[in-house]
Amino acid sequence: MERWVVIGAGSAGCVLANRLSADGGRHVTLLDDGPDLTPAVVTPAISGPDFLAALDEPGRSHPDLLASRIAGSAPTPYPRGRGIGGSSTVNAMVALAGDRARYEAWGWTDTQQAWEAVRIPVEEPHPDELGPIDLALIASRPDARVAALTRRAGLRVTSAEAYLWPVLDRANLDVRPDSRVERLVFDGRRCAGVLLADRTEIGADRVVLCAGAIHTPALLLHSGVDTPGIGTHLQDHPSAPLTLELRAGHASPGDAGPGRLVVGSLAQIDAGDDIIQFLPMNHLGTAHPGLGMLLVALMTPRGADGTVTIDHDGRPLVDFALLDDERDLAALAGGVRRALDTLDQAAFTEIVDTIYIDDSGTTAAALRDDDALLAWVRTSSGDYVHASSSCAMGRVVDDDYAVIGYDALSICDASVLPHIPEVNTHLPVTMAAERFCRRETMET
């Protein structure tokens, strides 16, 4: 029986565990360093509409993961999902597929079949779930719409629920949470298995890294893999936050606690050569009552100068280098200007008292001209928690996801995307995993 080890049980790893173990000639071991997720242990915070509450669940993110966003900025926490289900347990559930032509430009001409295989359900929220900023955005912009979410009957559906739970009884599938991989084991240039932090060694005929665009390159580097390009070309969607203080009587019921959608709508705006996304946040959790946010994100960044390296203990050091390309700075600033114009619309002025641009109480009035706007965007922008492309196909892996220069070692997660897609990354990564499995099946 062919032994497979899959490292990381997130958006891609859950797909691989399901599809690869469908062949009785394979034994698949799925490893993740975080907690389990089964029907018996899904909490209301994970299944519910408030992703901020999901992020607060113990063990569901990496508390020590830090990243620098823009030049000169200090590293700050970068929230990534942890445990079985990965980031699908804690994300905002926005379900977008992206433009097929962009995938075809990568040489991915077989995405239709991969999309048809995706098992993640998608539904729109009930109108009663929409918050005040959702409703104002939809009323203010013809390109705004109710967001499709990765839910069923109003509850979050994680990759674990969609792909793992139906096949947990397979004798040739071993799901092992709380199992941190220390490093890969090699026989010459052939990957022969993994060594866990508890010193357990698991042999394998094939190893696939699905640990994400930060932890996959970090593990490769810590294991001594010398393929050029590992940890380079890291990307994310640059974003700028506009914090909205809501007028009395218009605060979202979510301010009283978990149970209300944080995100229920969006606007995907065609701005010439750029795509800008407006993402409303109807509340910012119980610690910030009366506040919401309009996030402005550049979905088509040109810059690709981010890096993942490691410290002496093998922990990732992350620098996104967002906005190093001046074109990205200009495009995001243009998006913020559009957002400020949108916030001037009646649907927003009726519910928003003040627009803040930092934690010290500076208001959007400070963005009085283009120079002030550019300066603020340059110093205050952040990420979208969509890390990608740090082991890009055509540079680190070949067209079949295999690590160049090595045998029996593959990567299948957001790190292999040749360029960050113009949409939120959960569904594109799921599609990329379905594509990997289809190609493995066809080869077999």
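## Strand 12 and its side chains

Let's start with strand 12, residues 206–209 of this predicted model. Arg-206 and Val-208 point one way from the strand, while Val-207 and Leu-209 point the other way. All of these residues are buried, Arg-206 included.

## Neighbours on either side

Strand 12 pairs with strand 1 (residues 2–7) through four bridges, and the two run parallel. Here Val-207 is the bridge partner of Val-5.

Strand 12 also pairs with strand 20 (residues 409–411), again in parallel, this time through three bridges. In that pairing Val-208 has Ser-410 as its bridge partner.

Zoom out and you get an open sheet of five strands, ordered 8-2-1-12-20, with parallel pairing. Strand 8 (173–176) and strand 20 sit at the edges, each pairing on one side only. From one strand to the next, the twist averages 15°.

Further along, strand 1 is joined to strand 2 (residues 26–31) by six bridges, and these two run parallel as well. Within that pair, Trp-4 stands opposite Val-28 of strand 2.

Key:
Residues are numbered from 1 along each chain as its sequence is written. This is a predicted model: local features need pLDDT of at least 70, side-chain atom pairs count only at pLDDT 80 or more; totals for chains, interfaces and linings use all residues. Side-chain values use heavy atoms; hydrogens and water are left out. Buried means under 20% relative accessible area, exposed over 50%, partly exposed in between (1.4 Å probe, protein chains only). Two strands pair if DSSP finds at least two bridges between them. Axes are lines fitted to C-alpha atoms, for helices over the stretch in contact, and angles run from 0 to 180 degrees between N-to-C directions.
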